[in-house]
Each structure stands twice: as structure tokens, then as C-alpha cells.
Amino acid sequence: MSENFSDAALVLVGHGSTVNADSAAPACQHADELRRRNIFAQVQEAFWKQEPYLAQVLRGIFAPRVFIVPLFISDGYFTEEVIPRELGFCAKAETNFSRVQRRGRQTLYYCRPVGTHPGMTDVLLARARDIVEKYPFPRAPKPSDTALFIAGHGTGNNENSRKAIEDQVQLIRAKKLYAEVHAVFMEEEPRIADCYKLAQSKNIVMVPFFISDGLHSHEDIPVMLGAPKETVRERLQAGQPTWRNPTEREGKRLWYTASIGSEPLMVEVILERVGEAANSV
């Protein structure tokens, strides 16, 4: 980054969970990497559902500039209402607020969520490329012989994720790397299980467009793809991947990746969001 952020603090905001230990992992991973790079005076994680809690995080930050980056897929209830309310940017149910606010000697910058940044295209493509290179059996197919699927939750209560995913589908299609690029959803059409009939190619790579791995990515989606529920649970309890890469099903060969949130390139998207906010005033 060209700008000097040695006077600034960075807060990475995740959803967190009291039941899923993996929920906080991406925020902690990227915070560790950004501390190692020594770009900011301070880097802190904060969560809605677990410690360190969002509502208390600013008490321990004294840098004159504070950049807050939501590790969320899209604009929606959490990024536009919950997080700004908990951080004091707005009152309850107030959605029209300034994203840059002065508090005493500090200036707070509330950044856009990572998931809607164009740089997420590189994150998705890295995920898709790496899984095939890691499990090339019998040999790694070329992207031009592969259908790429981006999987999301769907439904209006899940952070507008459909639009974010469809935007990425258009961006990746324009690159003409893959034979096909499709969006599929857990609770909307087209469904995740439809990938086998949607794909014209024999090879399928599916990337779940979630920040953290949990029930959806570890259990629900593998079952939707045809893995027996008991097998998935046994593998999960044994600490094994719940989908064998690649798996042959319905005449297709399918590779299934981890969620995008732990992809190392996410750090670059976080830094882009900080740079945008810094230049917005």
C-alpha cells in the first residue's frame, strides 16, 4: 500500500459463533497476517456472537484513525444495521448514516464488506485452481474443460448474497477462463444439486461463497451434492474432509473447495477496502 497507515488501527469484524469453532478462524487468520506485515499500529478482531465482542472493541483502540472492515459476503442486515449500531455509527433501525465519523481525537472509517469487492474474483479463482492442483486425480483438467459453480445460501435473509454471487459469475464469465460459470443456491433456484444437469462439461469445480466453514459448507452442501448423510457425519467426527476430491457422480467428476474466507488473497481485498475508505474523505 502506498499510503502510510502506521498511525491507524484496523478492526476486522466477523459474525462469530458460540457453537462453530471455525466461524472466527478467517478473521483470526487474516488479523495474524496483517500484524505480521506491520502495516497498522494495531490490528484487532471483533465478533457479533463471541468474544472479543463488537460493542466493546473500540474501548481498547487509541490510534487516531480506525478502519473497520466487515468480513461479510454482501451488504445487508448485519453490515448495514447490526455492525454500525453496535459501533455507534447509527441508532437502531437507522440506515442513513455517515461512514466516516469523528469521535474526540479519533476518526472512524466504516468500510464496505469484503464480499462485494471486485477483488473477490481473484479469491474465487485461486480457490478453484488450487483444489484441482491439490487433487489432480487422474489428472488435473484444464479450466477450459471445466464448469465452475459458485454456491451460496440464497433467500433474502442471508445478506443479499445472491447478487454478490451473480456479480462474480458475470466477472468470471467475462474472463473466458472456464467452459461455463454458474451460480447455485441452497434455498433458491437453481439448486446446488442441479449442478450435474446444468454442467455441459464432465468436470465440475464448486466453490462455496461463504466466509467461514461450518454446517453449510461441511455438511449441508456435500449432502446436497449426493454424499450420504451418515458418511458425511462420520468423516466430520473423524476430522476428515467431508467430500472426497474428486468424486464421480452422475457421469461428472466434481471437486469441492473450502469456503472462500480463509483464502490468503482475502488480505489484499481487506487492504483495498481500507484504501478506498481512506481516500473517501
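Two strands pair if DSSP finds at least two bridges between them. Keep that rule in hand while reading this predicted model.

Start with strand β3, residues 65–70. Four bridges join β3 to strand β5, residues 106–110. That count meets the cut-off of at least two, so β3 and β5 pair. The two strands run parallel. To find one point of the pairing, look at Phe67: its bridge partner in β5 is Tyr109.

β3 also pairs with strand β1, residues 8–14. Here there are six bridges, again in the parallel sense.

How many residues of β3 are buried? Six of its six residues are, and the strand is mostly covered. Now look at its two faces. Arg65, Phe67 and Val69 lie on one side. Val66, Ile68 and Pro70 lie on the other. All of these residues are buried, which leaves both faces of β3 covered.

Next, move to an open sheet of five strands. Its order is β7-β6-β8-β10-β9, and its pairing is mixed. Which strands stand at the edges? They are β7 (180–185) and β9 (247–249). Each has a single partner strand, so one side of each has no neighbour in the sheet. From one strand to the next, the twist averages 30°.

Within this sheet, look at strand β8 (residues 203–208) and strand β10 (residues 252–256). They pair in the parallel sense over four bridges. Val205 stands opposite Trp255 in β10.

Helices pack on this sheet too. Helix α3 touches β6 (146–152), β8 and β10. The direction of α3 makes about 130° with that of β8. Helix α6, residues 215–224, also touches β6, β8 and β10. Its direction makes about 170° with that of β10.

Finally, follow α3 to another helix. Two packed helices are described by the angle between their axes and the distance between the axes. Helix α3 (residues 120–134) packs with helix α4 (residues 161–175) at an angle of about 70°. Their axes are 10 Å apart. Angles of 65 to 115 degrees count as roughly perpendicular. α3 and α4 are therefore roughly perpendicular to each other.

Which residues make the contact? From α3 come Met120, Thr121, Leu124 and Leu125. From α4 come Gln168, Leu171, Ile172 and Lys175. Five residues of this contact are nonpolar, two are polar and one is charged.

Technical notes
Residues numbered from 1 in each chain as written. Predicted model: local features only at pLDDT ≥ 70, side-chain atom pairs only at ≥ 80, totals over all residues. Heavy atoms only, no water. Axes fitted to C-alpha atoms, helices over the stretch in contact; angles between N-to-C directions. Parallel < 35°, antiparallel > 145°, perpendicular 65-115°, else oblique. Contact = heavy atoms within 4.5 Å. Nonpolar A, V, L, I, M, F, W, Y, C, P; charged D, E, K, R; others polar. Buried < 20%, exposed > 50% of the residue type's maximum accessible area, 1.4 Å probe, protein only.
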